[in-house]
Amino acid sequence: MSRWLLFPLLVVASVAAAGPAVPAPASAKAGLAVERAKRPNILLIVSDDQGRGDYSAFGTPDVRTPAIDRLYREGRDFTNFYANSPVCSPTRAALLTGLYPDRTGVPGVIRQNRRDSWGYLRHDATMLPALLRKAGYATAMVGKWHLGYEAPNLPNDRGFKFFRGFLGDMMDDYVTHVREGANWMRSDKREIDPKGHATDLFTDWASNYLRSRDKRPLGDRRPFFLYLAYNAPHNPLQPPDDWLERVQRREPGIDRERARLVALIEHMDDGIGRVLQALDDTGEARNTLIVFTSDNGGLLNVGARNGPWRGGKGQLYEGGIRVPGVVRWPMAVPPSSRSERVTLSMDLFPTLLEAAGVPLPEEIDGQSFLSEMKSNTAPDPERELYWVRREGGQVQGGRAIEALRRGPWKLIHNNPNAPRELYNLERDPYEKENLGTREPEKLRELTLAIQAHMQRGGEVPWQSAPRPMGKRKRTPRD
C-alpha cells in the first residue's frame, strides 16, 4: 500500500469534564461524576501551515511525531478534513465562529500594516469561547491569535478569560518574537517579553495552565476550554539546534530546508506530548475532548508534504486546504477509527458546543459532526461547500479567489486573472484534468452558485472603517 494511503486518524480526545462547584463529601460524588459526564473539558490544538502529509501516522517516512500519532491511535481520523481557507486568519475566524470566513469579515490575512490587511473580525460575530464561558466554562488561549491587534478584537474581548501568546500573523524570529520591529506578545492585554523559543513557551504556558487547575479544590473546578494555537511549523524555519541535528543524523542526505521543517514539526510534537502528559498527570485526560488540526496546507517552497494532493498553502487546490483532523475522546470515540465524512474547520464550532450541551446560535454555516464522531453511522450531509481567500500583491491585487464543491464537483478560481477550473474529485481526486471546456453546463451551474456565496459574503465589511482619499497620518500599526 502506498505510504500516502496510510491516512491518519482524526480524533477529538475528549472526556467528560469537571462540573460546577459541588461539595466534595461522599454523598455528592455521584452527582459530580454525572455532571462531569455531561460537560467535557475541551482542548483544541491547532498547528500553523502543517500539511496533511507531515506527520508520521500518515506514512511519511522522514518525520516522527509520536504525540500526534498517539491521538490518531487513540481517536478518530477524519480523512476528509478541510481548512476553511488556504491561509491563516480566515480559517481561524471560521473555526471560532462557525461561519464562512467572509461572513465573519475575515476573507483574507489580518496584518499589522493596515494597507496590506484583508480582514476585520465582525463585532457582532458570536465566538466559541464567549458561548462556553457564558455556560460556565473556564476559557483560556495560548499561542497565535491573528484575528486583531486592538480592542475590541483581542482574545480577552472575545471570550477568553486567560490569554498568553501573540497577536500577530507570524514572528520574524522564534526566539526574539518580534514581527517587523513590533512585539505582539501579550499576557492578557499586557505586553510581555518572555525568553525562549516560542514553541517551548506555548507548551509551558498550556501545561502550567492545566496543572494550575489541579491545585484547586475538587468542587471548584469548572470544565475548561483551552485553545492551544502553535505558530509552528510556519516559516521562518527555526527549530532549536539540537532538534535539527537529530533529524540530520537520522535522515542522511535530507534537503536542508526539509530538515528544518521536519525538526520544527517534531519539536512542536514533543510539546504536544508534554501537554498530553500534563492532562494525564492531573487526572483530566479521561474527561477531556481533544481536537488536533491545522489552519491550512503546508508551504511547498520550504519542503512541506501535503500528501498526494495538488498544491499547497495559499492555493485552493486540495493540497492547500486538506489538513490533519483527529479527535480523541476515550469515553465516546472508538480508538484507531476512521471517518470519511467531509468536515471543515467551521464544523468544530457546533460540534464542541453540542458536546458541551450549549445551544447553537441560529445562523451558522458549520454543521455538528458529534454523532459521526461517536458512532460513525451519521450520513455525510449533502451540502455545498465554499472557500475564499482575499489578498493583495501583483496577482490578486486585493481581489478574492474562491472554490466551491457540490457533490464530487469542484469549481476553482485559483487566480483572478485566469479562467475558472472544474474537476470531478470522485474520478480525479488529485485535480489533474480540468473539465471546464468539456462540461460547460456544469461550469455555468457552479459559477452561478459560487457567485451567490460571494454576494452573501459581500454583505459583511472586511475593513474597520472607511478611509478618506489622499494622505493620512501614519499609525504605529503601519
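# A guided tour of aromatic pairs and salt bridges

A search of the whole structure, which is a predicted model, finds 14 aromatic pairs. Begin by selecting Tyr-55 and Tyr-72, whose rings are stacked, with 5.1 Å from centre to centre and 5 degrees between the planes. The pair links distant parts of the chain: Tyr-55 belongs to the loop between strand S2 (40-47) and helix H2 (66-74), Tyr-72 belongs to helix H2, and 17 residues separate them. Tyr-55 counts as buried because its relative accessibility is 0%, where buried means under 20%. Tyr-72 is likewise buried, at a relative accessible area of 1%.

Next, select Phe-162 and Tyr-209. Their ring centres lie 5.4 Å apart and their planes stand at 35 degrees, so this pair is tilted. Phe-162 is in strand S5 (residues 162-166) and Tyr-209 in helix H5 (residues 198-213), so the pair ties together parts that are 47 residues apart in sequence. Tyr-209 is buried, with a relative accessible area of 9%.

Two arginines placed over tryptophan rings come next. Select Arg-164 with Trp-205: the charged end of Arg-164 sits over the ring, 5.9 Å from its centre. Then select Arg-246 with Trp-243, where the charged end of Arg-246 sits over the ring at 4.1 Å from the centre.

At this point, display the whole chain. The fold comprises 12 helices and 17 strands, and 61% of the 478 residues count as buried. Among contacts between residues at least 6 apart in sequence, 70% join residues at least 24 apart. The accessible surface of the chain comes to about 18700 Å², and carbon and sulfur atoms account for 50% of this area.

The tour continues with charged pairs. Side chains of opposite charge can pair when their charged atoms come close. The count here comes to 36 salt bridges.

Select Asp-347 and Arg-383, which form a salt bridge whose closest N and O atoms are 2.6 Å apart. Asp-347 lies in the loop between strand S13 (337-344) and helix H9 (348-356), while Arg-383 lies in the loop between helix H10 (370-375) and strand S14 (384-390), so the pair ties together parts that are 36 residues apart in sequence. Both Asp-347 and Arg-383 are buried.

Move on to Glu-431 and Lys-410, a salt bridge with its closest N and O atoms 2.9 Å apart. Glu-431 is found in the loop between strand S17 (421-424) and helix H12 (440-457), and Lys-410 in strand S16 (residues 409-413), so the pair ties together parts that are 21 residues apart in sequence. Glu-431 counts as buried at 1% relative accessibility, and Lys-410 is buried with a relative accessible area of 1%.

Then select Glu-445 and Lys-442, where a salt bridge has its closest N and O atoms 3.4 Å apart. Both residues lie in helix H12, three residues apart, about one turn of the helix. Glu-445 counts as partly exposed at 31% relative accessibility, whereas Lys-442 is buried with a relative accessible area of 19%.

Definitions and conventions
Residues numbered from 1 in each chain as written. Predicted model: local features only at pLDDT ≥ 70, side-chain atom pairs only at ≥ 80, totals over all residues. Heavy atoms only, no water. Phe/Tyr/Trp six-rings, centres within 6.5 Å; stacked < 30°, edge-to-face > 60°. Helix = DSSP H or I, 4+ residues; strand = E, 2+ residues; numbered from the N terminus. Buried < 20%, exposed > 50% of the residue type's maximum accessible area, 1.4 Å probe, protein only. Lys NZ or Arg CZ within 6 Å of the ring centre and 35° of its normal. Contact = heavy atoms within 4.5 Å. Areas by Shrake-Rupley, 256 points an atom, 1.4 Å probe, with all protein chains shown as cover. Salt bridge = Lys/Arg side-chain N within 4 Å of Asp/Glu carboxyl O.
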